[in-house]
Structure formats: structure tokens, C-alpha cells
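Subject: Structure for you to look at

Hello,

Here is the structure I said I would pass on. My notes follow below it.

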Amino acid sequence: MKRTMTLNLTEAEMTVLERMCEERGLSKTALIRQALRLYKSVDERLARGEKVFVESADKAEKTELMVL
């Protein structure tokens with residue numbers, strides 16, 4: 001069962017959403033669903049006390065992801 005919601009975004013947030021959708025060839029709904037799955041995955045790891053890192057392609061740089 002699917003449910004509907006209304007989401008109010010600032011102009012800047014909508015611009016980012018539209019740009020990301022265009023770059024990835026996704027609808028706004030699909031992009032938001034992906035974002036929710038990603039956030040859930042990160043949140044579950046942090047809840048278990050794990051750390052999440054972002055690493056550069058050449059592995060020269062590694063930064064801990066901080067979630068507010």
C-alpha cells in the first residue's frame with residue numbers, strides 16, 4: 001500500500017533535487033526513496049556504534065561521515 005505526502009522545499013532545496021534527478025535520470029519520488037534507503041542504512045550503522053567513512057577514489061583521503 002502506498003501513501004501520499006506533500007513536501008515543501010525551499011527554492012534552493014528544489015533546485016538541488018531537480019539537478020540530481022536530471023543527472024541520474026530519476027523522478028523526484030525515486031530520488032527521495034533512494035535517499036531514505038541510504039539514510040536508513042547509515043542511521044542503522046551509527047545506532048550500532050559503527051563509523052561511516054567516505055574515501056577518495058585513489059584512497060589517499062578518508063573522512064568520517066558526520067550525521068546531524
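Glu18 and Lys28 form a salt bridge, with their closest N and O atoms 3.5 Å apart. A salt bridge here is a side-chain nitrogen of Lys or Arg within 4 Å of a carboxyl oxygen of Asp or Glu. This pair links distant parts of the chain, since Glu18 is in helix 1 and Lys28 in helix 2, ten residues apart. Helices are DSSP runs (H or I, at least four residues), numbered from the N terminus.

The model is predicted: local features need pLDDT of at least 70, side-chain atom pairs count only at pLDDT 80 or more, and totals for chains, interfaces and linings use all residues. Residues are numbered from 1 along each chain as its sequence is written, and side-chain values use heavy atoms, leaving out hydrogens and water.

The whole structure has six salt bridges. Another one joins Arg19 to Glu23, where the closest N and O atoms are 3.2 Å apart. Because Arg19 and Glu23 are four residues apart in helix 1, about one helical turn separates them.

In helix 2, Glu44 and Lys40 are also four residues apart, about one turn of the helix. Their salt bridge has its closest N and O atoms 2.7 Å apart. Salt bridges with shared partners join Arg19, Glu23 and Arg24 into one network.

Finally, the charged end of Lys62 sits over the ring of Phe53, 5.1 Å from its centre. That term requires NZ of Lys or CZ of Arg within 6 Å of the ring centre and within 35 degrees of the ring normal.

Regards

Technical notes
Helices (H or I, at least four residues) and strands (E, at least two) are DSSP runs, numbered from the N terminus.
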